[in-house]
Amino acid sequence: MLELSEIYNASRVLKGVARRTPIMFASRLNPEAKVHLKCENLQNTGSFKLRGAYYKISQLTDEEKSRGVIACSAGNHAQGVALGASRNGIKSIICLPAGAPVSKVEATKGYGAEVCLVPGVYDDAYAKAVELRDANGYTFVHPFDDEKVIAGQGTIGLEIIEDMPEVEAVIVPIGGGGLISGVAFAIKQLRPDVKVYGVQSEGAPSMFNSLKEGKRIHLDSVKTIADGIAVKEPGENTFRMISEYVDEVVTVSEDEIAAAILALMEQKKLVSEGAGAVAVAAAMFNKVPIKGKNVVCVVSGGNIDVTAHNRAVRRGLVKAGRDAALILDLQDKPGQLAGVLNIVSEQGGNVVSIVHERNTDSTDVNACMLHLELETRDHDHIRAIKDALKKAGYVIIK
């Protein structure tokens with residue numbers, strides 16, 4: 001059984017290895033609460049995973065170290081294990097899902113690990129890692145369902161209590177559950193009055209469903225932009241600890257995650273991966289009861305490909321009403337396009353792209369379809385543009 005003394009020991013071991021990441025006030029994320037960010041996206045290796053991986057490796061016996069270590073990961077645990085193994089002079093093999101972001105794969109190699117790409121998601125990488133462990137005798141470093149790993153992640157809880165004693169609620173991402181297990185255990189031992197909330201993606205709700213059913217549930221598939229928490233089945237230890245120490249677990253949608261990624265970038269100049277943004281999404285969209293409270297959201301990681309970040313930001317803009325796509329059914333005669341563009345301009349919209357289609361199946365022979373992409377201020381602005389176009393007699397299909 002995990003004890004608080006183990007987490008304090010992990011804190012001592014991690015000095016000089018893991019950063020004591022800052023807690024940053026973010027007033028605009030939810031005006032009804034005092035929201036703060038525990039910025040583990042600024043951690044060495046770009047994620048909290050370094051804490052648990054390094055501490056686990058530091059506690060291995062000489063015999064276990066001599067066999068080399070193997071791990072499976074969606075990408076962030078991989079980097080933590082690779083760095084921890086390199087620092088300790090140990091060989092490391094990491095099994096990663098073939099679809100893991102290129103930035104995570106290359107960073108893992110850069111820290112000195114041998115990478116094995118496995119078709120599928122995290123659970124497929126896990127199965128391959130176990131197979132290689134059994135065949136070659138490697139020492140397995142589990143990404144979440146391990147007491148030493150959980151203790152390392154729990155150092156975040158210690159830092160939150162020490163650096164922000166007035167905290168009333170902490171919101172934490174959940175994949176397999178190692179992070180929130182450590183954080184919740186540490187916080188509840190020191191401050192049982194502080195609420196701890198967990199967040200999963202709607203596309204990968206393994207812990208959420210398991211808690212509802214009262215037993216561990218295995219999902220047939222997972223699909224989410226939050227690849228770091230795309231886990232089909234929670235751990236045995238983490239399920240037990242979350243059941244005991246976490247007050248509530250909720251889910252957020254893909255659009256809400258994207259909106260949180262955008263808000264972190266625009267408001268706080270922070271880059272977050274999807275998994276790192278789910279706690280912020282829960283706070284932004286009032287998924288947990290935090291009105292009037294001092295809240296800390298754990299931004300667990302910032303390892304996201306530039307292309308994936310661009311897609312998430314674009315989706316966040318749509319969610320916020322900052323990007324609008326309109327389709328109009330126009331009469332194909334001179335002046336129609338100019339009339340539409342004049343109205344958009346008068347309403348303060350900015351045209352990003354135009355596609356003008358003639359002879360489509362859905363229009364009569366004298367009509368055409370006009371596709372517009374606009375930069376707008378918010379959803380009220382989009383409605384004002386649509387109302388002005390309708391008032392002028394234009395037919396809006398979408």
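Modeller: Two strands pair if DSSP finds at least two bridges between them. Strands (E, at least two residues) and helices (H or I, at least four) are DSSP runs, numbered from the N terminus. By that rule, β12, β13, β11 and β14 form an open four-stranded sheet in that order, with antiparallel pairing. The model is predicted, so to speak of local features takes pLDDT of at least 70 and to count side-chain atom pairs takes pLDDT 80 or more, while totals for chains, interfaces and linings use all residues. Residues are numbered from 1 along each chain as its sequence is written, and side-chain values use heavy atoms, with hydrogens and water left out.

At the edges of this sheet are β12 (350-358) and β14 (395-396), each of which pairs on one side only. Strand β11 (residues 323-331) runs antiparallel to β14, and two bridges join them. Leu328 stands opposite Ile396 in β14.

Two helices belong in this picture. Helix α15 (residues 379-391) packs on the sheet and touches β11, β13 and β14 (contact means heavy atoms within 4.5 Å). The direction of α15 makes about 5° with that of β11; axes here are lines fitted to C-alpha atoms, for helices over the stretch in contact, and angles run from 0 to 180 degrees between N-to-C directions. Helix α14 (residues 336-346) lies across β11, β12 and β13 (367-375), at about 25° to β13.

Val35 stands opposite Val295 in β10.

The loop between β8 and α9 contains Gly203. Leaving aside neighbours within four places in sequence, Gly203 is in contact with Ser221, Val222 and Lys223.

The structure holds one cavity of 30 Å³ or more. On a 1 Å grid over the protein atoms alone, a cavity is a set of points where a 1.4 Å probe fits but cannot get out; a pocket is an open set with protein on both sides within 12 Å along at least five of seven lines, and lining residues have an atom within 4 Å of a point. Grid points are joined across faces, edges and corners, and a volume is the space filled by probe spheres set on the points.

The largest cavity has a volume of about 270 Å³. Its lining has 24 residues, with Phe48, Lys49, Gly176, Gly228 and Ile229 nearest the centre. Two or more lining residues come from each of α4 and α8 (178-190), and α8 gives the most, with three. The lining divides into 13 nonpolar, 10 polar and one charged; Ala, Val, Leu, Ile, Met, Phe, Trp, Tyr, Cys and Pro count as nonpolar, Asp, Glu, Lys and Arg as charged, and the others, Gly among them, as polar.

The largest pocket has a volume of about 300 Å³. It is lined by 16 residues, and Ile225, Asp227, Ile304, Ala308 and Arg311 are the closest to its centre. Helix α13 (residues 306-319) supplies the largest share of this lining, five residues. The pocket lining has seven nonpolar, four polar and five charged residues.

Lastly, α4 (residues 76-87) also meets another helix. Its axis and that of α5 (residues 102-110) come within 8 Å and cross at roughly 10°. In this contact, Asn76, Ala78, Gln79 and Ala82 of α4 meet Lys104, Ala107 and Thr108 of α5. By class, three of these residues are nonpolar, three polar and one charged.
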